[in-house]
Amino acid sequence: MTVSQYFSGLFRGIKSLLIGMNVTLKELFTKKVTQQYPENRKTLVIPPRVRGNLTMPHDENNEHACTACSICQMNCPNGTISVKSEVIQTEDGKKKKILAEYTYNLGRCTFCNLCVLSCPSNAIVFSNEFENALFTKSKLTEKLNKEGSKLREKKKEPKPSVETGSVEKENAKNIKVPTKEEGTAIAPKTEVPVQKEDTVAIEKAEKETTNQRATDVALNEIKKEEQTSVEQKKTDESKEKE
Ligand code: SF4
Ligand code: SF4
């Protein structure tokens with residue numbers, strides 16, 4: 001190794017060291033992104049799209065939106081959901097299918113969200129709750145419909161009341177129908193003038209019809225004359241033979 005090679009290698013090393021130290025110095029003053037979990041559990045902010053646990057929201061009347069159609073169960077790729085239903089008789093004597101038990105096995109869920117997307121009633125959602133660690137595997141299976149809960153009835157559109165109808169009738173009565181004289185005054189009758197072009201066309205059509213009739217009569221007469229001449233010839237020939 002020559003002296004020049006020794007010094008060029010030394011300077012390359014120092015340059016590399018300074019570049020590394022520059023990166024370290026910059027990171028020293030940038031904003032920290034590391035979360036001190038679980039110490040910061042109270043201030044932890046979870047993004048809204050995090051899929052932690054499947055839930056079935058219930059309202060203050062302990063009602064949910066699940067119709068027990070089992071579409072989510074059919075769409076789940078690994079049998080995580082089990083929907084049990086039962087048929088009841090309503091007050092008006094009709095049979096109705098209701099949800100008996102909605103079971104979700106967290107241990108088998110891949111958080112693909114297919115069940116939520118396929119639900120036609122928006123009855124299930126993923127919550128942000130992600131602390132699902134347990135010591136017993138069987139506890140990962142949970143029932144999502146609460147005890148005593150029932151299906152939320154859809155609000156029916158109110159039909160127009162009798163009173164509303166009567167108001168409309170009243171309005172109809174109040175519409176003033178103009179008398180004959182008033183109507184005439186508003187929209188006077190006007191005779192539609194016959195245009196000159198129309199008259200010419202009618203006359204032309206009449207002329208054509210007359211000409212056609214005359215031609216037909218002439219043709220008939222010619223035919224008759226021909227027939228009589230042929231008959232005359234035949235009679236003359238028969239006389240000559242005699
Ligand atoms: S997220 Fe996917 S795997 Fe989990 S229950 Fe829904 S469909 Fe099944
Ligand atoms: S959660 Fe939705 S898709 Fe599943 S059974 Fe209930 S209504 Fe049907």
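The model is predicted. The protein chain has 242 residues, and 7% of them count as buried. Its secondary structure comes to six helices and seven strands.

**Overall fold**

- From the N terminus on, the elements follow the order α-β-β-α-β-β-α-β-β-β-α-α-α.
- Take the contacts in the protein chain between residues with a separation of 6 or more: 73% of them join residues 24 or more positions apart.

**Helix α1**

- Helix α1 covers residues 3-29, which makes 27 residues.
- At 1.5 Å a residue, α1 should span 39 Å.
- Helix α1 is hardly covered, and the count of buried residues among its 27 residues is zero.

**The three-stranded sheet**

- Strands pair through backbone hydrogen bonds, and the pairing can be parallel or antiparallel.
- Here three strands form an open sheet in the order β3-β4-β6, with antiparallel pairing.
- Strands β3 (81-89) and β6 (141-143) stand at the edges. Each has a single partner strand, so one side of each is left without a neighbour in the sheet.
- From one strand to the next, the twist averages 25°.

**Pairing of β3 with β4**

- Strand β4 takes in residues 95-105, and nine bridges join β3 to it.
- The two strands run antiparallel.
- Ile-88 has Lys-96 in β4 as its bridge partner.
- Val-87 stands opposite Lys-97 in β4.
- β3 and β4 make a hairpin with five residues between the strands.
- In this hairpin, Gly-93 takes a positive phi near 85°.

**Pairing of β4 with β6**

- Three bridges link β4 and β6, again in the antiparallel sense.
- Tyr-104 has Glu-142 in β6 as its bridge partner.

**Ligand 1**

- There are 13 residues around ligand 1.
- Cys-76, Thr-80, Cys-109, Cys-112 and Cys-115 come nearest.
- By class, the shell has eight nonpolar, five polar and no charged residues.

**Ligand 2**

- The residues surrounding ligand 2 include Cys-66, Thr-67, Ala-68, Cys-69, Ser-70, Ile-71 and Cys-72.
- Val-83, Cys-119, Ser-121, Ala-123 and Ile-124 also belong to the surroundings of ligand 2.
- This shell divides into nine nonpolar, three polar and no charged residues.

Terms used:
Residues are numbered from 1 along each chain as its sequence is written. Chains are lettered from A and ligands numbered from 1 in the order in which they are written. This is a predicted model: local features need pLDDT of at least 70, side-chain atom pairs count only at pLDDT 80 or more; totals for chains, interfaces and linings use all residues. Helices (H or I, at least four residues) and strands (E, at least two) are DSSP runs, numbered from the N terminus. A residue is buried if 20 or more other C-beta atoms lie within 10 Å of its own, exposed if 12 or fewer, and partly exposed in between; C-beta atoms are placed from the backbone. Two residues are in contact if their C-beta atoms, placed from the backbone, lie within 7 Å. A residue is near a molecule or strand if its C-beta atom, placed from the backbone, lies within 6 Å of it. Ala, Val, Leu, Ile, Met, Phe, Trp, Tyr, Cys and Pro count as nonpolar, Asp, Glu, Lys and Arg as charged, and the others, Gly among them, as polar. Two strands pair if DSSP finds at least two bridges between them. Axes are lines fitted to C-alpha atoms, for helices over the stretch in contact, and angles run from 0 to 180 degrees between N-to-C directions. The expected span of a helix is 1.5 Å times one less than its number of residues.
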